[in-house]
Amino acid sequence: MMSGPRAYPLWLRVWHWANAALFLTLLVTGLRMHYSAPSFPPIDFRVSHLVHNAAGILLTLFYLLYILGNLFLGNGRYYRIVSGDISPGLMLQAGYYIHGIFLGRSHPFPHGPDRKFNPLQKLIYLAVVFLFFPASILTGWGLFVPDKLPQGVLGMPSFAFWAIAHTYINFFFSLFMIVHVYLGTTGETLGELYRLMWFGDAHGHEEKGSPKGEGTVRA
Ligand code: HEM
C-alpha cells in the first residue's frame, strides 16, 4: 500500500479541478475578447469581460491555496530537485516519452513516497506553476487595474505592455494544457492518473514487482 501522506489529498483535487474549470473559462472568454468583433458574437463582449474578471480573481485566490498547500501541507516536497533528476533524469524521461512508452518499457521514475513527478514533469510544473502562472496572474491584474500602476513599462504604454504580455503568456499556457492533458493519459492505464486526480489515492497502489510494495503511479 502507498506509504506516507497521500499524494492526491482532497484539497489538491479541489484546487486542481477548480483551477482547470477557471482556466477553461478564462480561455474561452479571453479568446472572445481578443478576437472581439461584432461578427463574432457567440458570447456578448460585456458578459465575457465580466466573467473573465471574476474568474481571474477566483483563479488568483485558488493559486494562493495551491502555494499554501505546497508550503504547509507537504505537497512542496514533490517539487524538490533531487540528485539524478537533471542528469540522467531528463534524457531518460524524454527517451521514455519518445519511444520507450510505445515499446511497453517500464517507467524510469515510478512514484514512491517522495516522488510523484518524474524529472521532466517536475521541471515543467516548476516553470508553469512558479513562473508562468504568477506571470499570467500579474499581467492580468495589470490589465484589471492599469490606473493604479506606472503609466509606462519598458518604454511602452502600460496597458499595451500588459495586454501583449498577458496574451503571449496565456497562448503558452494553452499549449501547456494540450501537452498536459495528453501526458495525463500516460499512467499505467489511460485513465489511471485521471482517476487519481479525481478520486485521490485513499486506497493506495501496489507496485507490480516492488519488493517493498511501495505505491507507484506511472506518469
Ligand atoms: C481540463 C484540464 C486539465 C486536465 C484534464 C488535467 C489533468 C491532470 C491530471 C490527470 C493530473 C494528474 C497527473 C499528475 O500528477 O501530473 C494533473 C496534475 C496537475 N495539473 Fe492538471 N489538468 C488540467 C488543467 C490544468 C491546468 C489549467 C493547470 C494549470 C497550472 C494544471 C496544473 C496541474 C498541476 C500543477 C498538477 C500537479 C498537481 C500536484 O500534484 O501537485 N492542470 N492534471
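Colleague: How many helices and strands are there in the chain?

Modeller: This is a predicted model, and the chain has 6 helices and 2 strands. Starting at the N terminus, the order of elements is α-α-α-α-β-β-α-α.

Colleague: And what share of the residues is buried?

Modeller: Of the 219 residues in the chain, 41% are buried.

Colleague: OK, on to the ligand. Which residues coordinate the iron atom?

Modeller: His16 and His180 do, each through NE2, at 1.9 Å. They come from distant parts of the chain: His16 is in helix 1 (residues 10–34) and His180 is in helix 5 (residues 158–183), 164 residues apart.

Colleague: What's the arrangement of the donors around the iron?

Modeller: Octahedral, because the 6 donor atoms around the iron atom of the ligand subtend angles of 84 to 179°. For six octahedral donors the ideal angles are 90 or 180 degrees.

Colleague: Are those two histidines buried or exposed?

Modeller: His16 has a relative accessible area of 14%, so it counts as buried, the cut-off being under 20%. His180 is at 21%, so it is classed as partly exposed.

Colleague: Where does the ligand sit?

Modeller: It's in the second largest pocket. There are 26 residues around the ligand, and the ones that come nearest are His16, Tyr66, Lys116, Tyr125 and His180.

Colleague: Which helix gives the most to that shell?

Modeller: Helix 1, with 7 residues. Helix 1, helix 4 (119–144), helix 5 and helix 6 (192–199) each supply at least two residues of the shell.

Colleague: Different topic. There's a histidine I had my eye on, His52. Where is it?

Modeller: His52 is in helix 2 (residues 45–72). It has a relative accessible area of 15%, so it is buried.

Colleague: How far apart are His52 and Arg32?

Modeller: They're 20 residues apart in sequence, and their C-alpha atoms are 9.9 Å apart in space.

Colleague: Last one, the backbone. What is the peptide bond from Ser87 to Pro88 like?

Modeller: That bond is cis, with omega near 10°. Pro88 is found in helix 3, which covers residues 85–98.

Definitions and conventions
Residues numbered from 1 in each chain as written. Predicted model: local features only at pLDDT ≥ 70, side-chain atom pairs only at ≥ 80, totals over all residues. Heavy atoms only, no water. Donors = N, O, S within 2.8 Å, 3.2 Å for Na, K, Ca; no water. Tetrahedral: all angles 85-135°; square planar, octahedral: opposite > 155°, others 65-115°. Helix = DSSP H or I, 4+ residues; strand = E, 2+ residues; numbered from the N terminus. Buried < 20%, exposed > 50% of the residue type's maximum accessible area, 1.4 Å probe, protein only. Near = heavy atom within 4 Å. 1 Å grid on protein atoms, 1.4 Å probe; cavity = no way out; pocket = protein on both sides within 12 Å on 5 of 7 lines; lining within 4 Å. Sits in = over half its atoms within 2 Å of the grid points.
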